Amino acid sequence: MKTQYAFIFLLLFLLPGATSCSKFLEEDPRDSLDESTAYETLQQLFQNGVLSLYNHIGGYSDSQGLQGTGRGVYDLNTFTTDEAIMPTRGADWYDGGFWQGLYLHRWGVNNDAIHDTWEYLYRAIILCNKSLEAIQSYAQKHPNEDTRIYTAEVQALRAMFYYYTMDLFGNIPLLLTSDVHVSDIRQQNRSQTFRFIFNELQEAAPLLSKERSNQPGVYYGRMTQPAAHFLLAKLALNAEVYADDLWTDADRPDGKQLFFDVEGSRLNAWETAEYYCRQIAAAGYTLEPDYTLNFAIFNESSQENIFVIPMDKTLYTNQFIYLFRSRHYNHAKAYGLSGENGSSATPEALETFGYDTPDTDPRFDFCYFAGPVKDLDGNPVLLDDGQTPLVYEPWQVGIDLSGSAYEQTAGARMKKYEVDKNALKDGKLINNDIVLFRYADVLLMLSEAKVRNGENGDAELNEVRGRVGAAPRTATLENLLAERQLELAWEGWRRQDMIRFGTFTRSYSFRPQLENEASGFTTVFPIPEKILEMNETMKQNPGYE
C-alpha cells in the first residue's frame with residue numbers, strides 16, 4: 001500500500017456514519033450522522049456523503065461486503081455451482097447443513113445467510129439514497145457549487161449494489177429514498193429494475209473520472225468510468241436473463257431483439273456489450289504478461305485490474321477469508337498462519353482444467369494447491385505425526401467426507417492470491433487487494449458477445465489463452481463457458497455464467513437436479529421469509545411459494 005493515500009480509507013472507518021441500518025429499512029439512531037453539521041461544506045459533503053459509502057464494498061463479518069467475507073454475495077455465487085464445494089469433514093463444515101444446502105440448491109426460504117445478504121445490500125442502497133438526498137439538499141443551498149460529479153459517483157455505486165441484488169433475487173423493491181415506509185414498498189419486475197440500473201449507469205458514466213481505480217491515488221478503490229462501463233457490459237451480456245420476468249417458463253427474450261440507446265445508436269444487447277467492452281480497451285487496460293501479478297501481495301500496479309477492494313493489514317478492517325478457510329491446518333501453519341481446511345475444487349472443475357492429464361491448463365497451478373504440499377521455502381509440509389507428508393487428493397473430494405481416509409486431505413485448495421506471510425488475524429488481513437473486475441473478463445465478454453451476435457470471437461478468446469501459453473481454441477459458447485472457468489476460477493462469477501449459459505440447474509458431481517428445478521426456479525434465490533412477513537404486498541419468487 002502507498003501510505004500517502006491511506007487517509008482516504010482511514011477516513012472511511014472513522015466516520016460516524018460508517019455503519020447504519022441494522023435491519024431492512026430500520027436504522028439505529030446512535031449510528032446516524034449529525035446532519036446539521038455533516039454536510040456544511042463541500043469537503044464534508046464529499047467525505048460524509050460519498051467516501052463513507054466505500055466502507056460497504058468490503059467487510060469484516062459474515063454476509064458483509066461484495067467479497068472477502070463468508071456467507072454473503074461471494075459464497076452464494078460460488079458454492080452453489082459446479083466450481084467449488086465445502087465438504088463436511090467430520091465435525092468441521094457441516095454447520096447445520098448450510099454448505100451442503102448451498103451446493104445441492106436446498107437453501108430454503110428461511111436461510112440466515114440469504115436473509116443477511118439481502119439486508120446488507122439494501123443497507124448499502126439506502127445509505128446511497130441518503131447520500132443522494134444530502135447532495136441534492138446541499139446543491140439547493142449552494143447553487144454556485146457543482147455537485148454533479150458527487151451525484152454521479154453515488155448514483156453509480158447505488159446501481160452497482162442494485163445490480164448484485166437484482167442478480168441474486170430477481171423481482172426486488174426499487175427504493176429511491178432513504179425514508180420509505182414498509183407499507184409503501186413495491187416489488188418491481190426484474191426487467192424494470194434491469195433497465196433502471198442500466199439507465200443510471202449510462203447517466204452517471206460521462207461524469208465519472210477516467211482514472212484507474214485499482215491504483216493508488218485520489219480515485220483508489222472508487223467508482224470510475226471504466227468500472228461503470230464494466231457493469232454496463234455485464235448488464236448487456238446478461239440481458240436475456242435480466243429482461244426475463246418469468247424465468248420458470250423456459251422462454252427467454254432474444255438478445256438480438258433487446259435494444260439499447262447507446263450514444264445515439266440503437267444497439268442490440270450483444271452490440272451493446274461489445275461497445276462497452278471496447279470503451280474499456282480504449283481506456284488503456286491490457287492483460288498483464290504475468291497472470292499472477294493481478295493477485296500478488298502488492299497488486300496495485302496491475303494494468304489489468306479495473307475495480308478492487310483496497311486491502312492493507314495495518315490500516316483497514318476489510319478481511320479476506322478465502323485462503324484462510326481453504327488451506328489445511330498444517331499447510332497454513334507452515335506459513336505462520338492459520339487455516340480451516342475447507343473449500344475445494346469440484347471434480348467438474350478438475351475436468352475443465354484437464355487436471356491429471358498431459359493437457360492440464362497452465363492456470364491450474366496458479367489457482368489451486370494439489371498433490372504434495374510445500375512451505376514457502378520448498379520444504380514438505382507434514383501431518384500431525386511429523387512424518388507423513390501432507391498431500392492434497394483432488395479427486396477424492398465429496399459432499400461428506402466424514403470417516404473417509406481423505407477426510408482432511410481431499411480436494412484441490414484455493415491458491416489464487418499470493419501468500420502474504422506477514423498477514424495478520426490468522427491470514428485474513430492481507431495486503432493483496434481483492435479483485436472484483438478485471439480486463440481478462442472484458443475480453444471474454446467481448447468474445448462471447450460477438451459469438452452470440454454471429455461474429456467471430458476467436459481473437460479475444462485466444463488473447464486470454466495466449467497470455468498463459470494455452471493452445472488456441474475456437475470461440476464457441478461451449479469453449480467460452482469453459483474458458484471463464486479456467487480464467488476466472490475463485491473470482492465469484494460462476495453462478496451468473498452458468499445461468500446465462502443455461503447450465504445452472506442441471507445435475508453434476510454429487511448434485512442431483514431438484515424436483516421441478518428444470519423450470520429454472522433456483523436461478524434466483526427466494527425473497528427471505530422474514531422480509532415477506534414485513535410486507536404482505538411482496539410476493540415470493542416462483543418455485544418457492
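We'll stop at a pair of helices and then at a pocket.

Keep in mind as you click around that this is a predicted model.

**Stop one: the helix pair**

Select residues 190-204, which make up helix 8, and residues 225-237, which make up helix 9. Two packed helices are described by the angle between their axes and the distance between the axes. Here the angle is about 150 degrees, and the axes sit 10 Å apart. Angles over 145 degrees count as roughly antiparallel, so that's the label for helix 8 and helix 9. As for handedness, helix 8 goes past helix 9 in a left-handed crossing.

Which residues meet between helix 8 and helix 9? From helix 8, pick Phe-194, Ile-197, Phe-198, Leu-201 and Gln-202; from helix 9, pick Ala-228, Leu-231, Leu-232 and Leu-235. Colour that contact by residue class and you get eight nonpolar, one polar and no charged.

**Stop two: the largest pocket**

Next, select Asp-365, Phe-366, Tyr-368, Phe-369 and Lys-415: these are the lining residues that lie nearest the centre of the largest pocket. How much space lies in this pocket? About 420 Å³.

Helix 15 supplies the largest share, three residues. Switch to class colours again: the pocket lining splits into 14 nonpolar, one polar and six charged residues.

How values were computed
Residues numbered from 1 in each chain as written. Predicted model: local features only at pLDDT ≥ 70, side-chain atom pairs only at ≥ 80, totals over all residues. Heavy atoms only, no water. 1 Å grid on protein atoms, 1.4 Å probe; cavity = no way out; pocket = protein on both sides within 12 Å on 5 of 7 lines; lining within 4 Å. Points joined across faces, edges and corners; volume = space filled by probe spheres on them. Helix = DSSP H or I, 4+ residues; strand = E, 2+ residues; numbered from the N terminus. Nonpolar A, V, L, I, M, F, W, Y, C, P; charged D, E, K, R; others polar. Axes fitted to C-alpha atoms, helices over the stretch in contact; angles between N-to-C directions. Parallel < 35°, antiparallel > 145°, perpendicular 65-115°, else oblique. Left-handed = near helix turned anticlockwise from the far one by under 90°. Contact = heavy atoms within 4.5 Å.
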